[in-house]
Amino acid sequence: MEDEVDRLVAAWRRERPDLDVEPLEVLSRVSRLARHLDRARRLAFAEHHLEPWEFDVLTALRRAGTPYQLSPGQLLTQTLVTSGTMTNRIDRLAKKGLVERLPDPSDRRGVLVRLTREGQERADQALAGLLEQERAILAELSHAQRSELAALLRRLTAPFDNIPG
């Protein structure tokens, strides 16, 4: 079965036979898949009245386990945004009643961000919707193929995820 990347690669091989365009065969597919995944994520989150960034913050708190709270700094690390962006996001989620700010008992000047009951319910429902979308995307692959693909992608992403600082 031919896809758009096959057509793109064939065109580049015709137009630029002097270049090795093999990386496009993998990475253009990864890029196109990322766009399809982004659409699926947005759809799954919209059904639960969440933006992707809201899902990211809520699920970071949900994964933290009981009592579902983290410091703003821990949220920064998990969501890869700036301090100012995170403050804005926490404010907006608090206004919606999905998180609350609490004093940090171990740091008089610090705060903790805690998931509210509604925030937990929305995160759980959106996660279930997302997994349904993602299962449909992966339906063409066997369990063994999904495991192999996960291992190969891990080899590519781990160096980026383990850069100090």
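Q: Over how many bridges do strand 1 and strand 3 pair?
A: This is a predicted model. Strand 3 spans residues 107-115, and strand 1 runs antiparallel to it. The number of bridges between strand 1 and strand 3 is two.

Q: How many bridges join strand 2 to strand 3?
A: Strand 2 and strand 3 form a hairpin, with two residues between them. They run antiparallel. In strand 3, R114 is the bridge partner of E100, and V111 is the bridge partner of P103. The bridges joining strand 2 to strand 3 number six.

Q: Are helix 3 and helix 5 roughly parallel or roughly perpendicular to each other?
A: Their axes come within 11 Å and cross at roughly 90°. Angles of 65 to 115 degrees count as roughly perpendicular. Helix 3 and helix 5 are therefore roughly perpendicular.

Q: How many charged residues are in the contact of helix 3 with helix 5?
A: Helix 3 brings W53, E54, V57 and L58. Helix 5 brings M86, R89, R92 and L93. By class, the contact has five nonpolar residues and no polar ones. The charged residues number three.

Q: At what angle do helix 4 and helix 5 pack?
A: Helix 4 covers residues 72-79, and helix 5 covers residues 83-95. Their axes lie 10 Å apart. The arrangement is roughly perpendicular, because the angle falls in the range that counts as such. That angle is about 110°.

Q: How many polar residues does the contact of helix 4 with helix 5 have?
A: P72, L75, L76 and T79 come from helix 4. They meet S83, M86 and I90 of helix 5. Five of the contact residues are nonpolar and none is charged. The polar residues number two.

Q: Where in helix 7 does the kink lie?
A: Helix 7 (residues 143-161) has 19 residues. From first C-alpha to last it reaches 25 Å, close to the 27 Å expected. The kink is about 35° and comes shortly before the proline P159. It lies at R155.

Q: Is the peptide bond from T66 to P67 cis or trans?
A: Most peptide bonds are trans. P67 sits in the loop between helix 3 and strand 1. Omega for the bond from T66 to P67 is near 10°. The bond is cis.

Q: What is the phi of H49 near?
A: Most residues other than glycine have a negative phi. H49 lies in the loop between helix 2 (22-46) and helix 3. Its phi is positive, although H49 is a residue other than glycine. The value is near 55°.

Conventions. Residues are numbered from 1 along each chain as its sequence is written. This is a predicted model: local features need pLDDT of at least 70, side-chain atom pairs count only at pLDDT 80 or more; totals for chains, interfaces and linings use all residues. Side-chain values use heavy atoms; hydrogens and water are left out. Axes are lines fitted to C-alpha atoms, for helices over the stretch in contact, and angles run from 0 to 180 degrees between N-to-C directions. Helices (H or I, at least four residues) and strands (E, at least two) are DSSP runs, numbered from the N terminus. Angles under 35 degrees count as roughly parallel, over 145 as roughly antiparallel, 65 to 115 as roughly perpendicular and the rest as oblique. Contact means heavy atoms within 4.5 Å. Ala, Val, Leu, Ile, Met, Phe, Trp, Tyr, Cys and Pro count as nonpolar, Asp, Glu, Lys and Arg as charged, and the others, Gly among them, as polar. The expected span of a helix is 1.5 Å times one less than its number of residues. The bend at a residue is the angle between axes fitted to the seven residues ending there and the seven starting there. Two strands pair if DSSP finds at least two bridges between them.
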